[in-house]
Amino acid sequence: MSAAASGPVVGASMPPADDRARVPEPLLARWLRTRAAWVFLLNVVLIAVFTAISRDHVFFSLQSFQSLMIGVSEGLLLALGLSMLLGAGIFDLSIGANLVLSSVVGAKVIASFQAVSGDPTSYADPGVAILLGFVACIAMGALFGLINGLIIAVGEINSLIATLATLGIGTGVAFLVSGGSDVAAMPPVLQERLGLNMVGGVVPLPAILSLGALLILWIVVRYLRYGLRVQSIGSSRAAAERAGIPVKSYLVSLTVLAGVLASLAGFIDLSKFGSTSLAGHNNDALAAVTAAVIGGTLLEGGYISVVGTLWGAALAVILQFGLVIAGVSSFWQLIAVGFVLLLAVLLDRAAAQRRERAR
Amino acid sequence: MRTPRKHALALAAAAILTVSACAGTPASSTAPSEAPSAAAPSAAPASESPSAEPSQQAYKLAAVLANLSDPFWATIACSAKAEATTLGVDLKLYTSPSSDDNAIAQNFNAAVLENPQGILVTPFNNNQFATQYKDLMAKGVPVVTGNGTDPQVEYKNIFSGGDTSVLAEKVLPLIPEGAGTMVYLGGAPGIPPLESRTLPFTEAVAKARPDLKQLPNDYSGFDVNKSTSNVNALILANPDLKLIIASNGPDGQAAAAAVKQSGKAGKIALIAFDAVPAEVDALKDGTISALIAQAPGTLGQEQIKALVDYLNANPTGGAVATAGKQEVSSGLLTKDNLDDPANAVYIYKAGC
């Protein structure tokens, strides 16, 4: 690409720089400049290390990768939603509450089809129950996101404060709807056909759903006007408004999207355990933002790295899984996870400084 | 145009927050109305077996309970309310959804402000209110606890029995024969009530099966997803894993999912503590081999009964002296005895 096409016009008298003699930078070099690349390479190194030290090298096995893929599915969906929000310069602390509330609503709808209350074998038509439960779950997530979006965009309330409030409200409503206890007695087919189902005996279905969402969002961010506009809102909201972008509509659509992704994670959660897990999602928002930012999405907005988010989400899961396989004690696991996450960011920082010096 | 819309939004937000604030402590708002008010208002002589019959006074009692999102505590709250109704006393619950010490303290202070005649308190930090207990007891207010102070200052500590080692012998036939490994899923370290209840059992099993090498304890922080991933890793890293002991509901739920996912149900014995709905489902389908459950229904019932018994026996008031401890034992649930009506007290309820 020549400067004549893309470079700034400094003055009419100054000729554009002739860069035809410059050798285009190789694709690999360009890729290595991204944070996603560094995190990906770190993941590869971790897999190699854990494979080497695990007994009979079991870390590098199909069962291990299946567990990793199941483990990363929910976190990836939440991190993708948060990446999109961060790209537009807003935040969501309530995604964990949304996940829990959506799964509770979905579970309640499914349970309403029981012929005998509390008996998982008493569903006359488990398929219909699961389908309607899924619809209710996703609708709840979208509604939760819509409420967040209206408060943030129309109410013009800071997203951090708004979602801090809806975090409490959503959690409370989930407890009220569930009666404070996990909703169980789901049809066994839910776990067998969805949560623990291996497509072709190889790939977990939850992972396929998550990767499908990733692919769609990658296309949206990379090739569609929507993705470009979202990032321009994050770069400068005022400029985006002046350019005629309907910022409020975009923000609402983003929170609905994040809500739908959270509810999809909630349904995966429900299908994985055969019951809701009210207590298991207190740190989801922090884990999601960590995955997004480590993967290269800018915390201050303006840039979304969809693929980087995948590697960021995978990093935490690979590390945790590998440390357990390696027999590292739980206390050391906490320290090791903290250090490696720090290392991931420091490596990227060092690479950025090298690039700065080279210019 | 913008101002009215902003006002409407502000009003709507205020309404939502008000509703959620009311809904956040459902028990405290509903409990008083659920307690009967028909009890005779006049004083009556203390009965010889006071709790056998409905109380002759509408005593005003308070119960400060935390972590109501856990079915164990929810079941205690339900049974306490039911017992209060049976005995004809006015019980007001002060509850919080988490085990946060500050939230418990706020609820405790709110309860004390209303001058109850007797109070049930179960803080997670056992000695958190020891000084306040002394003050209340000096004023004639009996204090019953679920987690007792050390040294004991409350009137009575009615707690879940810690000696689960006696149950070890009963589960031995469920563990596959031959040398191998075992692991204990501890939830989080440093929780005395949990450890005192679960570690004696684990030690007794380890002693009875010296051919099972104990792997390092695993702590998930009660995170179901993390625990599932950890158990998956443990199964993968230790093909000779024969026994998993899950010390709590979330770890039991997670271990069941991991065992099922790995196709090792029946090959790995999974003994879990507590009997939350997800664990009971896994016990029914054979993924969990046995559950060691407390009796939360009995606990709530006995705790309220102790308060009413004391008030009936001491109508004139006066400083309350400590009266020791009362242990409520745990039970062993298997697929075969799950439906036995006698074991219903061990199953944690999803709601009242």
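Contact, as used in these legends, means heavy atoms within 4.5 Å, and the model shown in every view is a predicted one.

View 1. Helix α11 (residues 296-313) of chain B lies across β1, β2, β3, β4, β5 and β11 of chain B, and its direction makes an angle of about 170 degrees with β5(B). These 6 strands form an open sheet with parallel pairing, in which the order is β2-β1-β3-β4-β5-β11 (chain B). Because β2 (90-95) and β11 (325-328) of chain B each have a single partner strand, they stand at the edges, and one side of each is left without a neighbour in the sheet. On average, and with direction ignored, neighbouring strands of this sheet are turned by 15 degrees against each other.

View 2. Helix α4 (residues 101-113) of chain B lies across β1 (60-65), β2 and β3 (118-121) of chain B, running at about 175 degrees to β1(B). Elsewhere in the sheet, strand β4 (residues 143-145) of chain B runs parallel to strand β5 (residues 156-160) of chain B, and 2 bridges join them. For T145(B), the bridge partner in β5(B) is N157(B).

View 3. Strand β10 (residues 290-293) of chain B pairs with β12(B) in the antiparallel sense over 3 bridges, and A293(B) has G331(B) as its bridge partner in β12(B).

**View 4. The interface between chain B and chain A.** Here 48 residues of chain B are in contact with 46 residues of chain A. The area buried between chain B and chain A is about 3400 Å², and carbon and sulfur atoms give 59% of this area. In chain B, the residues that lose the most area to chain A are N225(B), L236(B) and Q261(B), which together account for 18% of what that side buries. Between the two chains there are 0 salt bridges, whereas 9 residue pairs are in polar contact, counting pairs with both residues at pLDDT 80 or more. On the side of chain B that touches chain A, α1 (2-24), α8 (224-237), α9 (249-261) and α10 (277-284) of chain B each supply at least two residues. The largest share of that side, 12 residues, comes from α8(B). By residue class, the side of chain B that touches chain A divides into 24 nonpolar, 12 polar and 12 charged residues.

**View 5. A salt bridge within chain A.** Over all chains the count comes to 9 salt bridges, and one of them is shown here, in which E74(A) pairs with K272(A), the closest N and O atoms being 3.2 Å apart. The pair links distant parts of the chain, 198 residues apart, with E74(A) in helix α4 (residues 62-87) of chain A and K272(A) in helix α12 (residues 247-273) of chain A.

Technical notes. Residues numbered from 1 in each chain as written. Chains lettered and ligands numbered in written order. Predicted model: local features only at pLDDT ≥ 70, side-chain atom pairs only at ≥ 80, totals over all residues. Heavy atoms only, no water. Buried area = accessible area lost by both parts, 1.4 Å probe. Salt bridge = Lys/Arg side-chain N within 4 Å of Asp/Glu carboxyl O. Polar contact = N/O pair within 3.5 Å; in protein donor to acceptor, adjacent residues only side chain to side chain. Helix = DSSP H or I, 4+ residues; strand = E, 2+ residues; numbered from the N terminus. Nonpolar A, V, L, I, M, F, W, Y, C, P; charged D, E, K, R; others polar. Pairing = 2+ DSSP bridges. Axes fitted to C-alpha atoms, helices over the stretch in contact; angles between N-to-C directions.
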